[in-house]
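Reader: Hey, can you walk me through this structure? I'm new to it.

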Amino acid sequence: MPYTESYEMDILRGINENRPWDLIYEIRKVVKTQHRLLDIGCGTATKLIQLASITNYQEIIGIEPNERMRFKAEENIKLANLDNISIVSGSAEDLPFEDHVFDVVTAMVAPHNTSEVHRVLKPGGHTIIEKIGDRDKWNLKALFGRDSKGLRGQFCDYDEGEREIEFREEFSHLFTEVSTKNGFWKTYYSFEGLILLLEQTPTIRGFDRIEDSHVLEKIVETYMTDRGIMTTQNRILVAAKK
């Protein structure tokens, strides 16, 4: 998706109830101060800055294919006055690094390639990957129905729990230790925040606020609460050791 300034807006993330895990804490559990960490699909580096501000890594590298996001990430890092984070251009499918050079590799709700993650990790290195689950925002996605390609909602063609099984099997082929968790929590969006979310992410294929206005009306009618439009987030946490 193209980067716009609305990507930084709080209303895009809604009001969240307690999450089943703290991603930053999960990453901190497997790193030491001398470690080198690579984050794939770092976006505007918001999470990397949070991570760097509470740890003492030797080096953190964020890789991001979107030029505008890289520019914003570098701006954010400069504002945070951090000197151990660098941002590079590149793709998850072909990481621009030698073999066995990182102690930790992360991908926080970003595309990844498991073979490439394994390749750049040192022996004994760890990876922490968070992915969108197959029941994420299911109540909203179901209302958008089908188009010529099938169900419009992202991952709606998966059976319940199927993505977690896929990731566990995929990582088990290459890594010596693998664990997965499937977590859920409720989020409440304002109407404007939900529209921004659908425009900025691939949640609904071909979303158009005009063409889909009847669906938006149904969502408000069915799921609007005092806190906002209610939905359930679903994330999968993969932790693996090489």
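Reader: Where does Val109 lie?

Author: Val109 sits in the loop between β5 (102-108) and α4 (114-120); helices (H or I, at least four residues) and strands (E, at least two) are DSSP runs, numbered from the N terminus. This is a predicted model: local features need pLDDT of at least 70, side-chain atom pairs count only at pLDDT 80 or more, and totals for chains, interfaces and linings use all residues. Residues are numbered from 1 along each chain as its sequence is written, and side-chain values use heavy atoms, with hydrogens and water left out.

Reader: Ok, new topic. Is α7 mostly covered or uncovered?

Author: Helix α7 (residues 191-200) is mostly covered, with 7 of its 10 residues buried. Buried means under 20% relative accessible area, exposed over 50%, partly exposed in between (1.4 Å probe, protein chains only).

Reader: And what do those buried residues pack against?

Author: They pack against α5 (138-141), β9 (177-189), α8 (213-223) and β11 (228-241).

Reader: How many residues are in the largest nonpolar core?

Author: It has 23 residues, and Ile27, Leu37, Leu48 and Ile85 have the most contacts inside it. Such a core is a set of buried Ala, Val, Leu, Ile, Met, Phe, Trp, Tyr and Cys residues joined through side-chain atoms within 4.5 Å.

Reader: Which element gives the most to it?

Author: That's α2, with 4 residues. A second, separate core of 21 residues includes Ile40, Ala92, Ile236 and Ala240.

Conventions: Contact = heavy atoms within 4.5 Å.
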